Amino acid sequence: MSFKPPKGTYDLTSPQSQAWRDVLLVWEDMSAVFGYPLVATPILEATELFERGVGGTSEVVTKQMYTFSDKGGRSVTLRPEGTAGVVRAYLNSGAQGAWKGAYSGPFFRYERPQAGRTRQFWQVGAEYIGVEGAIADAEIIELGYRFITQAGVDQVELRINSIGDPECRPPYVTALRSYLEEIKGDLSGESVGLIETNPLRILDSKTDRDRLGNPPRMIDSLCADCAAHYEQVKAFLDSLGIPYVEDPRLVRGLDYYTRTAFEYIGTGLDSAQNAVGGGGRYDGLATTLGGPQTPGVGFALGLDRILLASGLDGYTHLDAYLVSEMGPEEAFLVASQLRADGVRLDFDAEGRSVKAQFKTARRLEAPVILVYKGADLPIDVQTADGRADVPIDQVAEHVMDYVLELL
Ligand code: HAM
């Protein structure tokens, strides 16, 4: 019998996993640089958290959740997104005022699998809770942007919009609905079905994009406070020198958003899956979850798509490969000593021939090959620059100097 991963999921192994590890390290570093501590929430949550938090009109909740009853008869769901869980964690923590959290992990949506769209996928994300001012939006957008570029994606476009708040959005939605009713003869069945339930979503329909004519725009209907907030977000982005495109049709697929909405588009990717990430403000989410009114803003990025867009290939993370002329038992002890000194190193534990060991070293693209010839002999250190005999207690330093120079 042979097992495959369930449809829409995959095994991540080396060498691709090496590129993942690199990018995750960039994320750990970048989120710490911006002052976001780790927040980790359960992968399994009460279904109601998403029904209430993410919303009953979003496709994510209505069609894509992995929901089942546990042995205690509770309805639980594999998390389709991270924001609802993080806000829940914030509310439970008793924290007050400004609060930050960064996360990284697997998420689940029952979608039609294709390149860049899987049923289990990896997101990194950040949430900045408790701050209403546009500085928080700009900081969040900057963090995502810096991470994406640092991760090697050079073709990225930031798109922003404001989708108003519970004061100015309802009259706009009414106006949009009337407009869509008038042109519904031109629209796909899918869009017509959304006119009543979620007309905003029609604005970013890929099928109907060119058939929409000139629908009313949310940014023209913003109340004074939302308009001022949006102007400030743009002014802060300008002052940071972060380029953006205003996209009045940008809406988001989750119901909790207010005011700022944004997406990072990998312009080199196929347009069906080119959103490498997205986010926005969610000033009403905490109250929806039963907490006090608390503003918040955040984003999540799809790691699978970031890697597709960056074109990073996995490569070995070894500093050195140890080739032993004296068999594996002695190599084992030498390796232990070098690893204790911080050299990322591997060796053959099976007693294969020296020739075979060299072959493995080359396959793994180890920049340094260390040849061990016997207990009292120096190590033969081989690099692209040549070879040198180095006493064992100086090998680690030698390797590190060489590897650092390569960077
Ligand atoms: P989202 O736009 O639903 O937002 O997802 C964010 C990113 O996750 C997408 O842009 C995409 O890169 C990736 N993604 C989503 N679904 C899949 C999939 N099936 N396969 C591969 N990648 C996928 C959220 O999840 C919000 N929680 C973001 C947020 C945080 N808003 C505020 N704070």
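Predicted model: local features only at pLDDT ≥ 70, side-chain atom pairs only at ≥ 80, totals over all residues.
Hi everyone, let me begin with a definition: two strands pair if DSSP finds at least two bridges between them. Strands here are DSSP runs of E with at least two residues, helices are runs of H or I with at least four, and both are numbered from the N terminus.

Residues are numbered from 1 along each chain as its sequence is written, and side-chain values use heavy atoms, with hydrogens and water left out.

Let's start with the whole chain. It has 13 helices and 15 strands, and its C-alpha atoms fill a box of roughly 85 × 55 × 45 Å along the principal axes. Of the 407 residues, 49% are buried, meaning under 20% relative accessible area with a 1.4 Å probe and protein chains only; exposed is over 50%, and partly exposed lies in between. Now take contacts, that is, heavy atoms within 4.5 Å. Among those between residues at least 6 apart in sequence, 70% join residues at least 24 apart.

Next, a sheet. Three strands form an open, antiparallel sheet in the order β1-β3-β2. Why is one side of β1 and of β2 left without a neighbour in the sheet? Because β1 (44-46) and β2 (66-69) stand at the edges, and each has a single partner strand. From one strand to the next, the twist averages 35°; angles here run from 0 to 180 degrees between N-to-C directions, and axes are lines fitted to C-alpha atoms, for helices over the stretch in contact.

Let's look at the pairings. β2 and β3 (residues 75-78) are antiparallel, with four bridges. In that pairing, S69 has S75 as its bridge partner, and F68 has V76. On the β1 side, three bridges join β1 to β3, and A46 stands opposite V76. β2 and β3 also form a hairpin with five residues between them, and G73 in the turn has a positive phi of about 80°.

Now for a pair of helices. The axes of α1 (residues 16-33) and α5 (residues 134-150) come within 10 Å and cross at roughly 150°. Where do they meet? V23, V26, W27, M30 and S31 in α1 touch L143, R146, F147 and Q150 in α5. By class, this contact has six nonpolar, two polar and one charged residues.

First, D380, in strand β14 (residues 379-383). Buried or exposed? D380 counts as buried, because its relative accessibility is 3%. Its side chain makes a polar contact with the side chain of R387 at 2.5 Å. A polar contact is a pair of N or O atoms within 3.5 Å; within protein, one must be able to donate a hydrogen and the other to accept it, and residues adjacent in sequence count only if both atoms are side-chain atoms. Leaving aside neighbours within four places in sequence, D380 is in contact with residues including I369, V371 and D389.

The other is N274, in the loop between β8 (258-266) and β9 (275-281). N274 is buried too, with a relative accessible area of 15%. Beyond four places in sequence, its contacts are Y264, I265, G266 and L269. N274 and I306 are 32 residues apart in sequence, and 9.4 Å apart in space, C-alpha to C-alpha.

How values were computed:
Nonpolar A, V, L, I, M, F, W, Y, C, P; charged D, E, K, R; others polar.
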